[in-house]
Each structure stands twice: as C-alpha cells, then as structure tokens.
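Student: Hi! I've never looked at this one before. Could you show me around?

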Amino acid sequence: MKMALFQAILAFVVIFASFALYYLFIIKYFNPLRHIAGPPVRTLFANHLSAVLDPKRTPAVHKHLVEKYGRSVRIRGVGPWDDRLLTLDTVSLNYVLKNSTLYEKPWQSRRLITSLIGCGMLSAEGQMHKRQRRIATPAFSNQNMRALIPLVFQKGDQLKNRWMDIMNAGTTEAATVDVCQWMSRATFDIIGLAGFDYNFNSIQDESNELFLAYKEMFDKVIGKSTFWGTLASVYLPTLFKIIPNQRSRTIERCQAVIRREAGNMITEKKRKIAEGNETGKAYQGKDILTQLLTSNAAIDIPIEQRIDDEEMLHNINTFMFAGSDTTSLTVSWILYLLTENPEMQEHLRAELFTVLPPTAPTNLSELTEEETQSLYAEVSELPYLHNVMREALRLIPPLHSTLRVATKDDEIPVSYPVHRSDGSVDESAQSIHIAKGTFVHVSVEAFNLDQDVWGEDAWSFNPDRWDNLPEKAREQPGLFSNILSFSAGPRSCIGIRFALIEVKTFLFVLLTNFVFQSGLDPIEKINVVLTRPFVKKQFSKGSQMPLIVKRFVRMGQVPEI
Ligand code: HEM
C-alpha cells in the first residue's frame, strides 16, 4: 500500500516536473516567434508586461522597440512559455482585429471578465457573441441614440447643480472637486436610465444598493488589484472558491445584489411588454433592455438565435461595465488636458457659447425636447469641440491595450521589414508565421501615438492637428477618426455613438458653467483595466482627479446665488 502511494506521488512529481521543464525551458524553441527580434529577457521569470502596459513609460518604450526591433516585436508575457507578438504595424493590427474568429480574446481575459460581469458581449466568443451583438445592435441605432440626448442634458444639469451647491456651501467661488468620481456617478446614472430604465440617482446620493454593489466591485476589486492577485484569480479560480479571500468574497457579495436587482429589472420589463401586447398598447420603453427584449422576441429571429434571461443579465452587467467608466474617464481626461492648456479651454468655451442662446434657461433640461435636439445638433457640429474630443481620445485612450490569441496557425501580413533574432532584416517579408495559441498584444495607445504617422508632436495635446492631418494619419484604419480608441472590426465598441453624445453634452454643460484649473496634487496615469487618474503616490486611495472648479461668470451676467 505504502509502496503504491509512493509510486503514485513519484509519478505525479515526475509528470509535474516534466511539464514544468517543458514550459520553462523547451516550448519557446517551438514557437515560430523565436525568429523575430525582440528585447532581451534577463532572468527566467522576467517579462516585458509592465514596460508595454504602463502608460507612463509606453510612448518611449514603443518608440525604442520600433527603432531597435522594427514594427513586429517578440515580447515576453507572463513566463518563458508566453512569447507574444507586439505588433506596431498597421496592416498586421488591422488584420488581427478584423479577423475576430481567427484572433479571439484569450480565455484568460475572458475568464477574468466573466468572473466579474458574466459572459456578455465583452467576453463571449463565436456564435454566442454574434448572437448577442445581433440582438443588441438595433438598441444602438441612430434613432435610439437621439432619444438619449434629453436624458444626458438632464444629468449634465444635475451634476452642474451639485457642484454649484458645493461652491455655495463654501466661502469662495471655487471648490476642489474629484472630477473623476463625480463623472463616474453621472455616467452610472445615465447608463442606468438609458440602459434599463433604472434610476441609480447617484449624482444626488450614493446610497442605492445596486450602485454600491457595482461601485464596490469595479473600484475596490479592479481598481486596487495587483498583477499577481489578478493572475491567481484567473488561473486558480477553484482555489478561491474553496478558500475565499477578501477579493472573492467582495465579488460574491456584490454579485448576489446585482443578480437579484437585475433579475427583477428583466422580470418587470417582460411584464410591461407582455401587458402592452395584451392590451394592444405596445410598451414604448426606450431603454436598451426593452430594445434587447423586443429584438430578441422579433419573429425573424430563430429560436436558437435568441438569448436567454441569464445572457440578458450578463449583458446588463456588460453595459454597466463597458458604458460607464470609459466615458467618465474620457470626460475627466479632457478636463484635465484643458487645465493643462488654459488657452485651449478658453477657446473651446468661446466656441460653445456661440450656440448657447442668450435666452436659454440656466438649466438646459428645461428646454423642450425639440429645442434640446436642435441645440445638441449644433453642439455636435462644433469643430473645435470635435477636435478637442478626438485629440484627447487619441492621446489618452481609456483602453490602453488589448490582447488576442491565434486560434490556429496563421500568417499575419506585414507592411514593414521584419527584424530577425539573428540580427538580419528581412526587407521583403510579406507576413509573420504565428502558431496557434500565441498571444498578439494590440496597443491602442501605440497606434494612436505613433510619431511616424502623427508627426513629431504626436505625444502632445494639439487639437488643431485635426485641421491638417498628415496623409499617413488620414489613411489609418479605425472605427473613429483614424484612431483605435474604440477598436476596429467586429469586436469594436458598440456604444460609440452613445459615448460621443455623453462626452460632448457634458463638456458643453460643464464648460459653459465652470472654469477648470489644476489642483494642488500632481495627477498620474495608471493602467488598471482602463487608464485611470491617480494622485501621485496615493495609489491606495483609488482613482481620483481633484481639480479646482470655479464658477464661470459671463461678462454682464450676475452669478446665481
Ligand atoms: C469613450 C467611451 C468608450 C470607449 C473609449 C470605448 C472603447 C471600447 C473598446 C476599445 C472596445 C473593444 C474592447 C476590446 O477589444 O477588448 C469596446 C467594446 C465595447 N464597448 Fe465601448 N467604449 C466606450 C463607451 C461605451 C459605451 C457608452 C457602451 C455602452 C453603452 C460601450 C459598450 C461596449 C461593448 C458592449 C463592447 C463589446 C463589443 C463586442 O465585443 O462586441 N462602450 N469599447
């Protein structure tokens, strides 16, 4: 008996050791990427992840990599078994993003997303993703997005009034405001109402249980997680089920609240739709959930193409996750960039006032629906506002980079010479051979900041560049304005129009009422799932962007009391 046990343990140790040896020392010699040049790896477990993911370093790192190793670079991922391709070649990037069945999101990123928000559109793959995207697409139509505009103005007003209250409570006309936190509350409110007809009311008061559950899950778990903690949760999920830690307990607790509340939303909506069908007065809900349920029930959708309540719930979570912080960060970074460039802030404010009728009420949400639509139509056409927005999205894309994995052996086309690991340069290379299972690192930021494309000043904030783009930049593929901030191809951002309405409306409302100035604390960019602002040396306090906000008084106008 003892002998058998000893043999079993020995066999386990031998098998484990063989696997470890194979993954640590041998597998890399089978990876075709070994022929591609890349930066050295100094120790067995060293990697290049922080160098290519830290937005404080990446512009210089990418520049250095291109100069030294060309535009197709082999980098080291988590360990020696994970040599990946970092491509800074537009043709390769375009190919990878457009061929989304060949280049999927890796199971590791999908497991991480799924563990938080379920298998909705962000993490689903294959037929499941196609089905979900098809059902959701009508909800993001132009018409539905137009219907959103009055709501965004209303939330813009609420935020403005809260800030006015903060100023009125103080002795001066200025206050230090954590723009990032407030914007996050505003975008939560909007996605709650526009997405599910659910009022988080978080601009007014942060006590809603569902709001707190989302906030806690996203802020405390994502915003403060460590690299190794995240890695452990991806590779050893069962371990945390058996021995839960604080992170897994928080997620479980928050998810229970979310499941209960989101489940109620689905049941209630279905009831309203069914009631409308019975009474012949079709339910007119304009929110995304109603649209999803309606398009899911459309007669031209075959039964097997429909999504069930569980997937519906995962997509509610997905919209909360994908549709709130991305937009609030965009507005926050724009305001930050405008504090760094006060003359641009003034120029933009002057432009915004050109479309604000002098007779307009202080609260623009008091305008009629028609007036609001026509005001937004003018706002959306303002050229400098558009330039400021796309320049900020170019310079600080909320999603710094993303990852894809090859689902079979493939040849990725290239448009630049390929540097080989033996030091030679293959000027006539047409493609790079990539093995099934290899990761491709897609750097959104590197694409947007490429000096070869955008010019020497590519790393600086210059909204005027959009009036005279270099030809190379004009030829860049991308879903929006030749940049990659909303990605490209079948997995690109479905909420882009939603986001643009929010960003422009908030800038309009806030900049016509306030002047923004840098706070006392220096802000830095840190990549925690998204590129977030932190006060320097205050990482443990979570993402924040304290700016000085002053009431803007137009000449001849008396400030509100
Ligand atoms: C400025 C704001 C936004 C930015 C910069 C942004 C950016 C992106 C990017 C880069 C992706 C691709 C992710 C990847 O490849 O891993 C994406 C996907 C997605 N976004 Fe956005 N997004 C924004 C706002 C929104 C909003 C407001 C919504 C919803 C209301 C939304 C919903 C989604 C969804 C559902 C996906 C997954 C699409 C799919 O895989 O088919 N996003 N977004």
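Tutor: Happy to! Let's start with V331, which is in contact (heavy atoms within 4.5 Å) with M183, V503, F506 and L507, leaving aside its neighbours within four places in sequence. Keep in mind that this is a predicted model, where local features need pLDDT of at least 70, side-chain atom pairs count only at pLDDT 80 or more, and totals for chains, interfaces and linings use all residues. Residues are numbered from 1 along each chain as its sequence is written, and side-chain values use heavy atoms, with hydrogens and water left out.

Student: Got it. Where does V331 sit, and is V331 buried or exposed?

Tutor: V331 is part of helix 14; helices (H or I, at least four residues) and strands (E, at least two) are DSSP runs numbered from the N terminus. V331 has 0% relative accessibility and counts as buried. Buried means under 20% relative accessible area, exposed over 50%, and partly exposed in between, with a 1.4 Å probe and protein chains only.

Student: How far is V331 from A392?

Tutor: Along the sequence they are 61 residues apart, while their C-alpha atoms are 9.0 Å apart in space. For another pair, take E173 and I75: 98 residues apart in sequence and 52 Å apart in space, C-alpha to C-alpha. E173 is in the loop between helix 7 (142-169) and strand 4 (174-178), and E173 is partly exposed at 43%.

Student: New topic: how many aromatic pairs are there?

Tutor: The whole structure has 20. Rings of Phe, Tyr and Trp (its six-membered ring) pair if their centres lie within 6.5 Å; planes under 30 degrees apart count as stacked, over 60 as edge-to-face and the rest as tilted. Y198 and F200 are an edge-to-face pair, because their planes are at 65°, with centres 5.0 Å apart. Y198 is buried at 16%, and F200 is buried at 2%.

Student: What about W454 and W466?

Tutor: Their ring centres are 5.5 Å apart and their planes are at 55°, so that pair is tilted. W454 belongs to helix 19 (residues 451-454) and W466 to the loop between helix 19 and helix 20, so the pair ties together parts twelve residues apart in sequence. Both W454 and W466 are buried.

Student: Which charged residue lies over the face of W454?

Tutor: That's R394, at 5.3 Å from the ring centre. R185 does likewise over W182, at 4.1 Å. The rule is that NZ of Lys or CZ of Arg is within 6 Å of the ring centre and within 35 degrees of the ring normal.

Student: Which residues do ring pairs link into a cluster?

Tutor: F188, Y198, F200, F211, Y214, F218 and F321.

Student: And the ligand's iron atom, what does the protein give it as a donor?

Tutor: A single donor, the SG of C493, 2.3 Å away. C493 is in the loop between helix 20 (471-475) and helix 21 (496-511). Donors are N, O and S atoms within 2.8 Å of the metal (3.2 Å for Na, K and Ca); water is not among the atoms, so sites may look incomplete.

Student: Last one: what is phi at S481?

Tutor: Near 50°, a positive value in a residue other than glycine. S481 is also in the loop between helix 20 and helix 21, and S481 is buried at 17%. V529 has a positive phi too, about 65°. V529 is in the loop between strand 12 (523-528) and strand 13 (530-535), and at 40% V529 counts as partly exposed.
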